[in-house]
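Please keep the sequence and the structure in view while reading.

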2 protein chains.
Amino acid sequence: MIDAMGGDHSPAEIVKGAVQAAQNSDINIILVGREDAVSGELANYSYDTERIEILNASQVITPDEAPVAALRQKKDSSIAVGLAALKEGRAGAFVSAGSTGALLAGATLTIGRITGISRPALATLLPNDKGFSFLLDAGANVDAKPQYLLQFAQMGSVYMENIMGIANPRVALVNIGTEKEKGNALTKEAYELLETSNLNFIGNIEARDIPFGAADVIICDAFVGNIILKYTEGFAEMIFGMLMKEDVPKSTLYNLKKGFDYTEVGGAPFLGLNALVVKAHGASNAKAIAAAIAQCAAFIEKDIVEKIAASLRPSQ
Amino acid sequence: MIDAMGGDHSPAEIVKGAVQAAQNSDINIILVGREDAVSGELANYSYDTERIEILNASQVITPDEAPVAALRQKKDSSIAVGLAALKEGRAGAFVSAGSTGALLAGATLTIGRITGISRPALATLLPNDKGFSFLLDAGANVDAKPQYLLQFAQMGSVYMENIMGIANPRVALVNIGTEKEKGNALTKEAYELLETSNLNFIGNIEARDIPFGAADVIICDAFVGNIILKYTEGFAEMIFGMLMKEDVPKSTLYNLKKGFDYTEVGGAPFLGLNALVVKAHGASNAKAIAAAIAQCAAFIEKDIVEKIAASLRPSQ
């Protein structure tokens, strides 16, 4: 299920991406949004009408609206309607490129947390020179507690093992030094919890080692995670800007850009809920939406929700 | 005054940098460290013996030692001896590429804070696509309070105005969104303080805008500052590594590398103390040490300590 009204290029690119995903897989898709706008876009494509349907939602929540107030006022928004339909089991996942705040708040309220999870976390694949690390929390809990960070590590390990096929993923805590006693109050306590867990905790990671793939699962609070994620975007963009002014072959720019292309990665899963909710980048084009949909299929097939629930049981 | 025994390339590169600084300016230099080792290095150069002297210190604190314990045990370390001599007024500044923790702890204890300053902050020039922003706190206070952040902004503004010649420097708070109500408990309270200050506060800055020079003075706690600083180092190094494998002209690599070359910048001043203490990069070569020494001269000439003290008075 896809929020057809979210993101900078909605509904055109969202609908196009959904059609591509349907063509490239056997996934059935529900597009949530204004029926007239969505059907108008769908009319541009030939597709199997049995496999793409529209769920009407007359309102749209914009990213500049206060999330909780917007959810309360716009009961017929694409985010509210989509999440309610997900809760009812009409689909296995909901993808939106719309308001992050409204999506996270709405998802937590509507879908509910997996038993034992204190706080769901937004997770994202972060590019490094060998592939990707999985960074969480990238945007949900700015004032985190040590126990949340332990759970982020558990959820991240399940994801990397089952979706990315990395056996015994290396978990590291973002910190200002590698020694155990380094850091702030949060990281010192989180270190203790991670050290005594059954995860493959390799200790603290300094920010300078993140781009070299020193860990598979990278744990931090959402403030730090957001800084790392956004700084990566900005820094990569600045470097490309500098290189464009230099005498650099087009093929080099292409290779470099591909390594930092969020449209290849899909969206950011919101982990810890009883169903899959994915935040796609606000600037998502059709390719990014199609990638996010493909990612949902793997998540559902591997039953990540149940595997996360199972990972919490031994320690309870 | 320079710690001849600190950093990966001490004492050779430190002594070489001090000789270069003496040759390029009229600064007189005291090298603190083991007399035999330092004089052995000095013997490699011809220099004005009236202008470079040695202050003997028989011990060295290494970066892996616990800072406070090391300072207590090694009373004759180059850091302890250098800071004591700075306190006595034997020099106008002390530069060290040695243990950050020992330097900051020792400086705070020995030199003392400017009246009204709650916490000194480590500050660093961060490269962007137009020049440099001044980032603080980059390493001193991991669990900061809102009032500290206001003072960091005041100190950073004095520095950028007087040392970098930027009139009315734009101050921004690192945050996860530009809206006032965004962020964690610390940033929300700090925003209120900055907004009602007499600084040129332009609001929150998202990490993606930092590389584009969106502010002159960038304020955050030391945990976030360390992440930004170290991530910049690691990310730039990774990009260079990728470009080295591609067909990129040497001149392009050179231009790009120059933009992120810490040896051009000098060291990181530790602001808020009654004298200037500068942390040079642990990997400092002679060029970096010479740049750090040159920076000290400007700091002393402009009387930044007194200007910081003056900037605090109206609000008291």
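Chain B and chain A bury about 4,300 Å² between them, and 73% of this area lies on carbon and sulfur atoms; buried area here is the accessible area (1.4 Å probe) that two parts lose on being put together, summed over both. This is a predicted model, in which local features need pLDDT of at least 70 and side-chain atom pairs count only at pLDDT 80 or more, whereas totals for chains, interfaces and linings use all residues. Residues are numbered from 1 along each chain as its sequence is written, chains are lettered from A and ligands numbered from 1 in the order in which they are written, and side-chain values use heavy atoms, with hydrogens and water left out.

The contact, defined as heavy atoms within 4.5 Å, takes 44 residues from chain B and 44 residues from chain A. Four salt bridges are found across the interface of chain B and chain A, a salt bridge being a side-chain nitrogen of Lys or Arg within 4 Å of a carboxyl oxygen of Asp or Glu. The side chains of B:Glu233 and A:Arg208 form a salt bridge, with 3.5 Å from N to O.

On the side of chain B that touches chain A, at least two residues each come from β5 (121–128), α7 (185–195), α8 (222–244) and α9 (250–259) of chain B, where helices (H or I, at least four residues) and strands (E, at least two) are DSSP runs, numbered from the N terminus. The most is given by α8(B), with 18 residues. By class, the residues of this side of chain B divide into 25 nonpolar, ten polar and nine charged; Ala, Val, Leu, Ile, Met, Phe, Trp, Tyr, Cys and Pro count as nonpolar, Asp, Glu, Lys and Arg as charged, and the others, Gly among them, as polar.

Chain B superposes on chain A by a rotation of 180° with 0.0 Å of shift along its axis (RMSD 0.0 Å), using least squares on the C-alpha atoms of residues with pLDDT of at least 70 in both. The two copies are thus related as by a two-fold rotation axis. In chain B, the C-alpha nearest the axis belongs to B:Val248, 2.8 Å from it. Because 100% of the interface residues of chain B are also interface residues in chain A, the copies meet through the same surface.

Chain A has twelve helices and eleven strands, and its C-alpha trace spans about 60 × 55 × 35 Å along its principal axes.

| Peptide bond | Omega |
|---|---|
| B:Ser10 to B:Pro11 | about -5° |
| B:Leu136 to B:Asp137 | near 10° |

B:Pro11 is in the loop between β1 (2–3) and α1 (12–24) of chain B, while B:Asp137 is in the loop between β6 (131–136) and α6 (146–162) of chain B. A:Asn168, although not a glycine, has a positive phi of about 50°, and A:Asn168 lies in the loop between α6 (146–162) and β7 (170–174) of chain A. Most residues other than glycine have a negative phi, and most peptide bonds are trans.
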